[in-house]
Amino acid sequence: MTNRLRTQIEEEEAEQQKLIVEEKHDNEFPDNFITQFFTKGFWNAESATKALPFVLFVAFLGMIYIANMHMAERSIRDINKISKEVKELSWDYKTTKADLAFKSTLTEVAKRVDTLGIKESLQPPQKITDAEVKNEH
């Protein structure tokens, strides 16, 4: 009877250890929507393996989309930079053109040439005809 009792006690202890192990296993994964979705639901290792090419394709498209956005933003920055530069060059052109128009007036030319000793003609220009040119030759 002692052997029988000992075996019964060992069996009971083994069952309790199984229950304890099983309880620990249940406590390892909390029972919520996500764990049920991946363990008990339609999503398992086989379906995940089948969906892997599609997931990789979507990730590749996402990377292409991000790269395209970066290129577009860089192009917009370059366009803005060049348009500012064109505006500045346009302003420089207009100021240079105005300065040239001012400096080419008769009075300004006379002031600059006066330092060289050249003076403005007081006689009006004369028209030369062909007859006068032929008589001289």
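How much accessible surface does the protein chain have, and what percentage of that surface belongs to carbon and sulfur atoms? In this predicted model, the accessible surface of the protein chain comes to about 13800 Å², and carbon and sulfur atoms account for 62% of that area. The protein chain comprises 137 residues, of which 1% count as buried.

The secondary structure consists of five helices and zero strands. Read along the sequence, the arrangement is α-α-α-α-α. Helix 1 spans residues 2-28, helix 3 spans residues 45-103, and helix 4 spans residues 106-114.

Two surface patches are described here, beginning with a charged one. Glu10, Glu11, Glu12, Glu13 and Glu15 gather on the surface as a patch of negative charge. One of these residues, Glu13, belongs to helix 1. The relative accessibility of Glu13 is 44%; this value lies between the 20% limit for buried residues and the 50% limit for exposed ones, so Glu13 counts as partly exposed.

Met63 is placed in helix 3. Because its relative accessibility is 55%, Met63 counts as exposed.

Charge pairing was examined next. The structure holds one salt bridge. Glu108 and Lys111 form a salt bridge in which the closest N and O atoms are 3.6 Å apart. Both residues lie in helix 4, and because they are three residues apart there, about one helical turn separates Glu108 from Lys111. The two partners fall into separate accessibility classes: Glu108, at 14% relative accessibility, counts as buried, whereas Lys111, at 57%, counts as exposed. The value for Glu108 is under the 20% cut-off for burial, and that for Lys111 is over the 50% cut-off for exposure.

When neighbours within four places in sequence are left aside, Glu108 is in contact with Phe102 and Lys103. Glu108 itself is found in helix 4, while residues 45-103 make up helix 3.

Helix 4 also contains Ala110. With a relative accessible area of 31%, Ala110 is partly exposed. Ala110 and Glu120 are ten residues apart in sequence, and their C-alpha atoms are 6.9 Å apart in space.

Key: Residues are numbered from 1 along each chain as its sequence is written. This is a predicted model: local features need pLDDT of at least 70, side-chain atom pairs count only at pLDDT 80 or more; totals for chains, interfaces and linings use all residues. Side-chain values use heavy atoms; hydrogens and water are left out. Patches are made of residues with over 30% relative accessible area and no salt bridge: like charges are joined within 9 Å, nonpolar side chains (Val, Leu, Ile, Met, Phe, Trp, Tyr) within 5 Å. Accessible areas come from the Shrake-Rupley method with a 1.4 Å probe; for residues, only the protein chains shown count as cover. A salt bridge is a side-chain nitrogen of Lys or Arg within 4 Å of a carboxyl oxygen of Asp or Glu. Lys and Arg count as positive and Asp and Glu as negative; His and the chain ends are not counted. The place of a charge is taken as NZ of Lys, CZ of Arg, CG of Asp or CD of Glu. Helices (H or I, at least four residues) and strands (E, at least two) are DSSP runs, numbered from the N terminus. Buried means under 20% relative accessible area, exposed over 50%, partly exposed in between (1.4 Å probe, protein chains only). Contact means heavy atoms within 4.5 Å.
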